[in-house]
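Subject: Structure handover

Hello,

My notes on it follow below.

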2 protein chains.
Amino acid sequence: MSTEVRLRRSDATRAAILAAARSRFATDGYERSTIRAIAADAGIDPSMVMRYFGSKEGLFAAAADFELRLPDPRGMPRDHVGRLAFEYFLTRWEDDGTLQALLRVGVTNEAAAQRLRQIFADQLAPMVAAVAPAGADVAARAGLVASQVLGVALTRYVLRLPPVAGMPRDELVRWVGPTLQRYFTAEDPVADASVSDRNP
Amino acid sequence: MSTEVRLRRSDATRAAILAAARSRFATDGYERSTIRAIAADAGIDPSMVMRYFGSKEGLFAAAADFELRLPDPRGMPRDHVGRLAFEYFLTRWEDDGTLQALLRVGVTNEAAAQRLRQIFADQLAPMVAAVAPAGADVAARAGLVASQVLGVALTRYVLRLPPVAGMPRDELVRWVGPTLQRYFTAEDPVADASVSDRNP
DNA sequence: GCGACAAGTCAACAGACGTTGGCCTACAGT
DNA sequence: ACTGTAGGCCAACGTCTGTTGACTTGTCGC
């Protein structure tokens, strides 16, 4: 009944499979990522993948299991929430293939789409609630933030639209930060959206 | 050498195949759209698809061949360009499965991604050039517009994120229109982005 | 009426896929 | 030294895929 503390041999290969799977899913999507290719990347036999994760769906579920871990917006100046959140998203996207895998797969796989919906609804909405004006439609604002964030992720990392993919990070932040700021904190859609985040 | 004017029998089935293909590609993506299923939808034999389009790739290329036909922005008030362009995009997206097919497939298929890049670069950039301030980086602004437009399309039509998918069209326009307006015409990223499109 | 040609069907191929079960190997506990 | 067992490999299965070539049907000009 006691949990084994020492790390087993299997943990290493299990991790190798997960890493290979995330990489493949992130670049090839679900259907084109074959278990054979993932196993080859991990340097083991395809049947091992089934042993560890039961099926291809199980493998993806394990590979896409993670948390956004958004920072607490109550610790930041309210006028900079948009920029800071966007910078956080960019970093998260760049150093973790999981999000790219989730986006690429979510477009054709309902389970992944479900997971994405859950992440952005459950984890982004509380952040919006903490900074939005009283009485604001939190879900709608979270959706708008998601639309712009996922739009940048899509054009920058997936479709690689040249101007977005090649834009320096700080220039991108200067453009998109104010957009998110408005979605987060504007009193009204058509209210003045002047940017107070002029000198970051 | 003269073009046949009368419509042949084949034209009808050819159109049926294209319609079925667009529908399948739009909902299932590239890999999961099988030629057998498309042929069944069109009510003909799978081998007919090969006869008419050569291969699955050829079929997709034919199904995804279209023009954005963006309106000329010089005919509209400069302060409303963002809203009008966004409304045009929404309409275009809703009544033509081709764009949804292109987006869904472009995420995993390089040829479709290429086509998307071309469409947004070649057809959106001139529109931006017509309204952007002198000396502005037209390509960058077109990329930003694309990021927000594709982000809305992704969350509203593909991932179906509830707050975005369920948001009434006019509310969505009130939120996103000003964003595009800023990307189109703002003098500077962090310049005042006050919305002059207050009463549409 | 009849041949020619377009339109369409049928059956099959070769390859790739997820998945399965049997077999081997090396190491831990005794 | 012996043995149980976890970790790993191999070969194969059934199915589905894009694609092909031979055959059948229907329609139009003469």
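Two residues are in contact here if their C-beta atoms, placed from the backbone, lie within 7 Å. Helices (H or I, at least four residues) and strands (E, at least two) are DSSP runs, numbered from the N terminus.

This is a predicted model, in which local features need pLDDT of at least 70 and side-chain atom pairs count only at pLDDT 80 or more, while totals for chains, interfaces and linings use all residues. Residues are numbered from 1 along each chain as its sequence is written, and chains are lettered from A and ligands numbered from 1 in the order in which they are written.

**Chain A**

Chain A has 10 helices and zero strands. Its C-alpha trace spans about 60 × 45 × 30 Å along the principal axes.

**The two copies**

Chain B superposes on chain A by a rotation of 180° with 0.0 Å of shift along the axis, at an RMSD of 0.1 Å. The two copies are thus related as by a two-fold rotation axis. In chain B, the C-alpha of Gly151(B) is nearest that axis, 1.7 Å away.

On the interface, 42 residues of chain B are in contact with 43 residues of chain A. On chain B, helices H6 (97–106), H7 (110–122), H9 (138–158), H10 (162–165) and H11 (169–185) each give two or more residues to it. H9(B) gives the largest share, 14 residues. By class, the chain B side divides into 24 nonpolar, 10 polar and eight charged residues. For the classes, Ala, Val, Leu, Ile, Met, Phe, Trp, Tyr, Cys and Pro count as nonpolar, Asp, Glu, Lys and Arg as charged, and the others, Gly among them, as polar. 100% of the interface residues of chain B are also interface residues in chain A, so the copies meet through the same surface.

**Helix packing**

Axes are lines fitted to C-alpha atoms, for helices over the stretch in contact, and angles run from 0 to 180 degrees between N-to-C directions. Angles under 35 degrees count as roughly parallel, over 145 as roughly antiparallel, 65 to 115 as roughly perpendicular and the rest as oblique.

In chain B, H2(B) and H3(B) pack at about 95°, with axes 8 Å apart. They are therefore roughly perpendicular. Ile35(B), Arg36(B), Ile38(B) and Ala39(B) of H2(B) meet Pro46(B), Met48(B) and Val49(B) of H3(B). That contact has six nonpolar residues, no polar and one charged.

In chain A, helices H8 (138–158) and H10 (169–185) pack at about 165°, with axes 8 Å apart. H8(A) and H10(A) are therefore roughly antiparallel. H8(A) contributes Arg141(A), Leu144(A), Val145(A), Gln148(A) and Val152(A), and H10(A) contributes Val176(A), Thr179(A), Leu180(A), Tyr183(A) and Phe184(A). Seven of these residues are nonpolar, two polar and one charged.

Best wishes

Note on methods
Least-squares fit on C-alpha atoms with pLDDT ≥ 70 in both.
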